[in-house]
Amino acid sequence: MAEEQRKPKKRMTATKAAASIGPMVKEFITGTNRARAEGKRKLAYTFIVCHHEEILRAMDVLPVWTENFAGICGVKRAAERFLQKAESLGFSRSLCTYALCGLGFDQWREELGEMPPDAPWGGQARPDFMISSGQILCDPRTKWYQAAQQFMPDVPIYNIDLPHPLFDPKKDHREVWGYYHKYIVDQLRGLVSFVEEQTGKKMDYDRLRELVALSDRTWNLVHETYELRQAVPCPMGTGDAMNTMVPLCFMMATQEAYDFYVNLKQELEEKIARGEGEVEDEKYRLLWGGGLPAWYALNDFNYLNSKGASFPAETTYRMVVPIYEMDIPETDDPIEHIAWKWLGYWTHWYDKARNRPGSEPDVERLIEYIENYKIDGVVMHLAFSCRTWHVGLIWQLHQLAKIYRPIPVLMLGGNGKGDKVQRELPSLILESDIIDITSYSEMDTRNKIDAFIETLESVRQTKAA
Amino acid sequence: MTAYYLGLDMGSAFSKGVLMKTDRVVTSYACPTGGEIKVTAERIRDEVLLKAGAAKQDILKTVATGYGSKTVFFANVTVTDMSAHAKGVIHLCPSIRTVVDIGDLYSKVFRIDSQGNLQSFLLSGKCAGGSGRALTMIAKVLQLKIEEMGEIALRSTKKVEFSTGCAVFAESEAVSRIAEGVAKEDLLAGFYRALAAQLNALAERLGLEPDYAMVGGGARNAGLVKAMEDLYGFEIVVPPDPHMTAALGAALIAAETVRQEIKVRQ
């Protein structure tokens with residue numbers, strides 16, 4: 001509790017765009033509360049990266065991003081009382097702490113009949129319905145809203161399944177993805193019917209087509225904008241990207257999201273023209289290779305920056321590949337296109353992985369970023385309460401070290417002469433949680449960072465020409 | 001003027017100092033860290049200087065390491081304890097490539113190159129399980145001196161399963177086992193196996209490369225070293241005074257830093 005009361009030092013951003021995100025998030029949280037009070041629009045609890053925002057926005061449904069609200073509680077170090085509330089209801093602390101925070105909050109709000117005292121940014125609005133999707137990997141997402149129905153039995157749930165073919169090094173995924181496509185299209189059409197029933201409106205397919213096209217343009221723009229971070233020095237790091245992911249993950253199918261990336265792209269181009277980096281003296285270029293961040297400790301990015309470390313790329317929340325690079329069939333049906341886009345994204349690294357013995361799509365993605373962004377080391381964060389995204393990260397690092405040794409170093413051999421050997425990229429694994437601050441130790445984390453920087457420096461000094 | 005180099009390792013339980021002259025260790029000193037790290041650091045410096053018959057101004061460079069290193073106001077440089085251990089270990093045993101450090105707060109496994117540079121590492125994290133603190137808890141329950149615990153475990157004749165390396169649960173489990181009438185030596189041997197299994201999980205995540213060494217206060221415990229060797233199936237080198245290798249490494253880094261500074265000036 002004592003730690004929670006300590007106000008975190010505000011993280012310094014490298015871009016104006018990232019600095020503008022806080023008010024934007026505050027607005028869409030307070031906006032849902034205004035909408036609740038006005039009662040004109042339907043509100044839906046839901047999750048990010050489910051490729052259904054176009055459907056919701058086409059039908060004027062306002063999404064309430066429950067993971068985002070839990071993350072805000074984490075950033076503001078205000079999650080502990082909601083976690084404790086969920087524990088008092090019998091939920092274990094080892095479950096997803098986003099879900100725990102949300103459930104604790106919901107129960108409290110329903111019990112009081114109003115927002116819990118000092119709820120961050122006015123609190124999370126009560127939904128009209130809930131749309132869940134565990135994709136094919138996150139079981140807490142599937143169970144979260146079912147558990148929430150204990151406190152809101154009048155609020156219906158619709159669950160969508162979003163599978164994709166699993167990687168098989170001996171098979172081309174295109175042989176089977178037609179079956180997956182048909183299934184996803186059925187799921188999305190089912191969602192349309194459910195939302196029509198809940199809102200009493202019919203889907204306007206012309207509007208949906210426009211919003212899908214807008215999302216496609218935004219996807220391509222995000223890709224082009226983030227590719228600018230290949231510049232040396234890097235104009236924007238992962239610390240900022242944990243902010244700039246907001247329009248991509250929470251505001252897709254809106255003009256505001258598109259305009260945000262137009263402005264960010266321009267800002268990065270200007271910084272590159274001025275030779276301005278995220279850090280003043282860039283010594284090490286790091287890849288955030290996986291894991292959701294510890295939202296209450298985003299200052300750790302500033303600490304890494306203070307050591308000359310910049311983060312030109314991350315796999316977390318960069319959930320786009322350009323549409324024109326996807327090998328997917330063309331269609332005029334917006335629902336069918338959404339389903340192909342889903343399959344195209346999740347199978348994007350399959351061909352590359354098949355061509356490198358021992359590789360896997362996730363490892364291939366790491367290699368692509370390491371090469372394109374001139375990466376010196378990989379940082380990952382293991383959040384104990386989220387097995388969905390975090391199981392397998394260490395395995396990825398092991399596979400990476402096994403099949404990819406890009407650094408030539410001179411080692412003193414037994415003959416006293418320097419022998420040139422190839423070594424793997426240094427890596428750092430941070431461990432804590434997404435919002436449970438009791439799992440975090442600043443001293444421990446910074447000690448690990450210091451040791452990692454010493455490792456990077458020793459590699460830099462022994463690197464062969 | 002004689003050139004001395006001072007290495008200080010400010011650990012959470014014990015602090016250590018090594019004074020070197022050129023590339024030779026002159027003297028060393030260790031004492032409990034206590035509540036005032038700055039005072040302890042000064043005390044160690046004064047003790048080694050007194051033993052060496054030297055004065056403060058004879059120290060050309062001081063390098064501090066350990067969790068309290070950043071509060072040593074007279075240190076010229078601070079480095080992490082893993083980098084310091086790496087330099088110390090490679091100086092004493094040049095063939096070592098993997099090091100297990102059992103400190104009071106954390107356990108660490110790290111790989112080093114032939115020049116004593118840190119290559120990769122893993123720490124045990126915020127939880128004290130698998131750390132030296134767990135040893136202290138068991139010593140308290142069994143009313144033993146920590147330095148005699150290792151030898152007692154070597155006399156074990158009966159295999160007792162101990163389920164946890166957690167510092168808190170280990171205490172309650174030890175109390176239960178005593179109540180069951182389990183002999184101290186068997187209980188300790190079982191506890192070390194549980195601790196070794198926990199450290200092994202860390203080591204396997206990192207990947208091991210021979211030769212292997214154990215350092216830190218925990219490496220002075222022969223029972224724990226044996227449990228690790230039994231689990232791994234290979235020999236683990238314990239350098240002389242394994243609790244001092246970080247302080248030694250810090251002194252070596254101090255000397256190396258001065259040599260490089262002179263080279264740059266020339």
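Predicted model: local features only at pLDDT ≥ 70, side-chain atom pairs only at ≥ 80, totals over all residues.
**Exercise 1. Count the disulfides over all chains, then look at what Cys96(A) has around it.**

Step 1: Start with the cut-off, which asks for two cysteine sulfur atoms within 2.5 Å. Going by that, the count is 0 disulfides over all chains.

Step 2: Now check Cys96(A). The nearest cysteine sulfur belongs to Cys138(A) and sits 6.2 Å away. Cys96(A) is therefore in no disulfide, as the cut-off is 2.5 Å.

Step 3: Is Cys96(A) buried or exposed? Its relative accessible area is 11%, and buried means under 20%, so Cys96(A) is buried.

**Exercise 2. Describe how chain A and chain B meet.**

Step 1: Begin with the residues. Chain A puts 28 residues in contact with 24 residues of chain B.

Step 2: Next, the area. About 2,100 Å² is buried between the two chains, and carbon and sulfur atoms give 48% of that.

Step 3: Look for charged pairs. There are 3 salt bridges between chain A and chain B. One of them joins the side chains of Arg205(B) and Glu431(A), at 3.6 Å from N to O.

Step 4: Which elements of chain A give two or more residues to the side that touches chain B? They are helix H18 (393-403), strand S8 (407-412), strand S10 (427-432) and helix H19 (442-462). H19(A) has the largest share, with 11 residues.

Step 5: Sort that side of chain A by residue type. You get 12 nonpolar, 8 polar and 8 charged residues.

**Exercise 3. Walk along helix H7 of chain B, residues 222-232.**

Step 1: Asn221(B) caps the N-terminal end of H7(B), with a side-chain oxygen 3.1 Å from the backbone nitrogen of Gly223(B).

Step 2: Pick out the buried residues. These are Gly223(B), Leu224(B), Val225(B), Ala227(B), Met228(B) and Tyr232(B).

Step 3: What do the buried residues of H7(B) pack against? Their partners in chain B are strands S6 (98-102) and S9 (212-215), along with helices H3 (132-142), H4 (146-153) and H6 (184-206).

Step 4: Gly233(B) follows H7(B), and its phi is positive, near 85°.

Terms used:
Residues numbered from 1 in each chain as written. Chains lettered and ligands numbered in written order. Heavy atoms only, no water. Buried < 20%, exposed > 50% of the residue type's maximum accessible area, 1.4 Å probe, protein only. Contact = heavy atoms within 4.5 Å. Buried area = accessible area lost by both parts, 1.4 Å probe. Salt bridge = Lys/Arg side-chain N within 4 Å of Asp/Glu carboxyl O. Helix = DSSP H or I, 4+ residues; strand = E, 2+ residues; numbered from the N terminus. Nonpolar A, V, L, I, M, F, W, Y, C, P; charged D, E, K, R; others polar. Polar contact = N/O pair within 3.5 Å; in protein donor to acceptor, adjacent residues only side chain to side chain.
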